[in-house]
Amino acid sequence: MNLKDIITSFKTSRGYTRIIPRAALFDMDGTLYDSMPGHAYAWMKMCDEAGLQATPDDFFMAEGRTGADTIEMLFRRNYGRSATADDVERLYAIKSANFRALPPVQLMPGAQEAVGACMNAGLTTVLVTGSGQSSLIERLATDYPGAFSLKVSSRDVRHGKPRPEPYIRAMQMAAVEPWEAIVVENAPLGVQSGVAAGVFTIGVATGLPPQVLAEAGADVVFTSMPECAAAMPQLLEALRNA
């Protein structure tokens, strides 16, 4: 299916008469920063210390969940019960300390260009992350100057990805409707969140196979952020003209 057909199918399925991109809603880990290997390591180290069984793939697939939701997942799987508030606070503090102890995370290649293409097209850029990792969030102003004055993190929602609340909250901040936004995501739960919010959702395969993002419902999938960045001006134009 070509891009025009993809956009037409999206509009038809949603009952939209037009798409006017005014806001670009970007995930952070694995999209703006090449941080997922470090997060998986930090989670695994915490699990080893706490006696919780998990694999690194668990955390790549669970990317987008809040820390509390991830710990709840681990407790349900390991103990068949919910984590207490004390469990969540204690274990997430350990995980966060493990992550902060790692070398500085690098920018995801192509991410600055993708964000820049959206800004050059006049779109408001909004961060939408399931993370509460302040060590990365605090870098945004330096690494993406002028881009992410609007932010939705795990602290701003009750129900994180894959539910739509994070992206609905982001659209409220940007004062746009679903047909006036795009989502850029690298994880299946994030893709599901964007789709559930009714937004044209771009999947970027920076850590998982492209098919995983397509199966999660991404409207279009790129194999890297440089590929996404190169295609962004044409994609935005195609959305406006569909």
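1. β4 and strand β5 (residues 200–204) pair in the parallel sense, over 4 bridges. Two strands count as paired here if DSSP finds at least two bridges between them. Helices (H or I, at least four residues) and strands (E, at least two) are DSSP runs, numbered from the N terminus. If you want a spot to look at, valine 184 stands opposite isoleucine 202 in β5.

2. Before you go further, a word on the source. This is a predicted model, where local features need pLDDT of at least 70 and side-chain atom pairs count only at pLDDT 80 or more, while totals for chains, interfaces and linings use all residues. Residues are numbered from 1 along each chain as its sequence is written, and side-chain values use heavy atoms, with hydrogens and water left out.

3. β4 has another partner: strand β1 (residues 23–26) runs parallel to β4, and 4 bridges join them. Alanine 23 has alanine 181 as its bridge partner in β4. On the β5 side, β4, helix α10 (residues 188–196) and β5 make a right-handed β-α-β unit. Right-handed means that, with the strands pointing away from the viewer, the path from the first strand over the helix to the second runs clockwise.

4. How covered is strand β4? Mostly: 5 of the 5 residues in β4 (residues 181–185) are buried. The cut-offs are under 20% relative accessible area for buried, over 50% for exposed, and partly exposed in between (1.4 Å probe, protein chains only). Ala181, Val183 and Glu185 point one way from β4, Ile182 and Val184 the other way, and all are buried.

5. Glu185 also turns up among the charged contacts: Asp27, Lys161 and Glu185 are linked in a network of salt bridges. A salt bridge here is a side-chain nitrogen of Lys or Arg within 4 Å of a carboxyl oxygen of Asp or Glu. Side chains of opposite charge can pair when their charged atoms come close. Searching the whole structure gives 9 salt bridges.

6. Now for a pair within a helix. Lysine 45 forms a salt bridge with glutamate 49, with the closest N and O atoms 3.0 Å apart. Why are the two about one helical turn apart? Because they sit 4 residues apart in helix α2 (residues 36–50). Lysine 45 is partly exposed at 32% relative accessible area, and glutamate 49 is partly exposed at 49%.

7. Helix α4 (residues 67–79) holds glutamate 72 and arginine 76, 4 residues apart, about one turn of the helix. They form a salt bridge with the closest N and O atoms 3.2 Å apart. Glutamate 72 is partly exposed, with a relative accessible area of 23%, and arginine 76 is partly exposed too, at 45%.

8. In helix α5 (residues 85–100), arginine 90 and aspartate 87 lie 3 residues apart, about one turn of the helix. Their side chains meet in a salt bridge at 3.4 Å, N to O.

9. Last, the cysteines. A disulfide is a pair of cysteine sulfur atoms within 2.5 Å, and by this rule the count comes to 0. For cysteine 228, the closest cysteine sulfur belongs to cysteine 118 and is 7.4 Å away, too far for a bond. Cysteine 228 is buried, at 0% relative accessible area, and cysteine 47 is buried as well, at 1%.
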